[in-house]
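Subject: Handover of a structure for your study

Dear colleague,

Please find the structure below, together with an account of what was found in it. I would be grateful if you would read the account with the structure open beside you.

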Amino acid sequence: MKKITKEVYRKWYEEMLFWRKFEDKLAAVYIQQKVRGFLHLYNGQEAVLAGSLHAMDLSKDKMITAYRNHVQPIGMGVDPKKVMAELYGKATGTSQGLGGSMHIFAPEQGFYGGHGIVGGQIPLGAGLAFADKYFKRNAVTLCYMGDGAVRQGSLHETFNMAMNWKLPVVFICENNGYAMGTSVERTANHTDIWKLGLGYEMPCGPVDGMNPEKVAEAVHEAVERARRGDGPTFLEMKTYRYRGHSMSDAQKYRTKDEVEEYKKIDPITQVKETLLEKKYATEDEIAEMDKRVKALVKECEQFAEDSPYPEKSLMYDAVYEQEDYPFLPHKL
């Protein structure tokens, strides 16, 4: 595995803090109705992405996830200003404002969404891996899902085929405990989600999803297995989200005390403590990072505010029209 150095920890801190503040800004502008529709925030789960990126080869590996998908493309190299603009529905966004919050998409950087259908990305992730194996690209796909999506039949069908064909894919369940608003304990007879892999003889296991170093180690092992041609892995990242399922979530299924308890193991705080304990950064250097993050978030907001909305004609360009389609009234 790539060594986890002082520079890596500094990068983790600044990137995770930026993702957190970027999402906090989205929450603020959502209340102002500048961002519409649904909005699913990633606060608390940043270590899963930070550790995963460290284990990937961003020159060829791919990522696909569900609708909590704003910061992943940024981690993959997408300009955060374009992501913010997409959420605003602006023409300068990743999909010219037509995708919105749940459908960020940037294949040039290896990011394939952003999918609004629960579990819909799971077979697609295997499909990306199938293509890589078919064309001998030696690339690996990381396919993320929430704890609610593992109840979908598509997961089981995909696991079966992925093992049968030894596809280069790593399935990652980000178990934040509640799916939309129902605890794992109430949705299944088992609480160890990773054990679903056992039924397919798929290598699987639990991971501390609040610690980027633990995530990096587990994902590295899985990625290397896939790259060798030994097939998929299923990892359950035990993590937690501080905000509701979406902005409309009243969060009546959990207590404020529970949320505060998890904040004691906040991934950003953990990384900051490591920076100070190992003298990887001084308080002044951390303050400088904080300042840069704040300025970049402001820059993203200003870019989105100043960008134009797409022309209405663009919507027609995205709709398929077959001129010789039979049975239309004028044809009768």
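At what angle do H5 and H6 pack, and how far apart are their axes? The angle is about 20 degrees, and the axes lie 8 Å apart. This makes H5 roughly parallel to H6, where angles under 35 degrees count as roughly parallel, over 145 as roughly antiparallel, 65 to 115 as roughly perpendicular and the rest as oblique. Axes here are lines fitted to C-alpha atoms, for helices over the stretch in contact, and angles run from 0 to 180 degrees between N-to-C directions. Helices (H or I, at least four residues) and strands (E, at least two) are DSSP runs, numbered from the N terminus.

Before going further, please note that this is a predicted model, in which local features need pLDDT of at least 70 and side-chain atom pairs count only at pLDDT 80 or more, while totals for chains, interfaces and linings use all residues. Residues are numbered from 1 along each chain as its sequence is written, and side-chain values use heavy atoms, with hydrogens and water left out.

The helix pairs

The crossing of H5 and H6 is left-handed; a crossing is called so if the near helix is turned anticlockwise from the far one by less than a right angle, and right-handed if clockwise. Ile122, Pro123 and Ala126 of H5 meet Ser154, Leu155 and Thr158 of H6, contact meaning heavy atoms within 4.5 Å.

A second pair consists of H1 (residues 6–31) and H10 (residues 267–277), whose axes come within 9 Å and cross at roughly 150 degrees. H1 is therefore roughly antiparallel to H10. The contact involves Tyr9, Arg10, Trp12, Tyr13, Met16, Leu17 and Arg20 on the H1 side, and Pro267, Ile268, Val271, Lys272, Thr274 and Leu275 on the H10 side. The crossing of H1 and H10 is left-handed.

The sheet

Five strands form an open sheet with parallel pairing, in the order E1-E2-E3-E5-E4. The edge strands are E1 (62–64) and E4, each of which pairs on one side only; two strands pair if DSSP finds at least two bridges between them. On average, neighbouring strands of this sheet are turned by 20 degrees against each other, direction ignored.

Pro206 stands opposite Glu236 in E5, and Asp208 stands opposite Lys238. In a regular strand the side chains alternate between the two faces of the sheet. In E4, Gly205 and Val207 make up the covered face, whereas Cys204, Pro206 and Asp208 make up the uncovered one.

E4, H8 (residues 212–227) and E5 together make a right-handed β-α-β unit. A crossover is right-handed if, with the strands pointing away from the viewer, the path from the first strand over the helix to the second runs clockwise.

Two further helices lie across the sheet. H2 (residues 46–55) lies across E1, E2, E3 and E5, running at about 170 degrees to E2. H6 lies across E2, E3 and E5, at about 150 degrees to E3.

An enclosed helix

Which residues of H4 are buried? They are Pro80, Lys81, Val83, Met84, Ala85, Glu86, Leu87 and Tyr88. Because eight of the nine residues of H4 are buried, this helix is largely enclosed by the rest of the structure. Buried means under 20% relative accessible area, exposed over 50% and partly exposed in between (1.4 Å probe, protein chains only). What covers the buried residues of H4 includes H1, H3 (71–75) and H11 (283–306).

Points in the loops

Most residues other than glycine have a negative phi, and most peptide bonds are trans. The following places depart from this pattern.

- The peptide bond from Gly113 to Gly114 is cis, with omega near 25 degrees. Gly114 is found in the loop between H4 and H5.
- Lys166 has a positive phi, near 50 degrees, and is found in the loop between H6 and E3. At 36% relative accessibility, Lys166 is partly exposed.
- Ala179 has a positive phi of about 45 degrees, and its place is in the loop between E3 and H7. With a relative accessible area of 22%, Ala179 is also partly exposed.

The loop between E3 and H7 also holds Ser183. At 15% relative accessibility, Ser183 counts as buried. Not counting residues up to four places away in sequence, Ser183 touches Gly177 and Tyr178.

Yours sincerely,
A colleague
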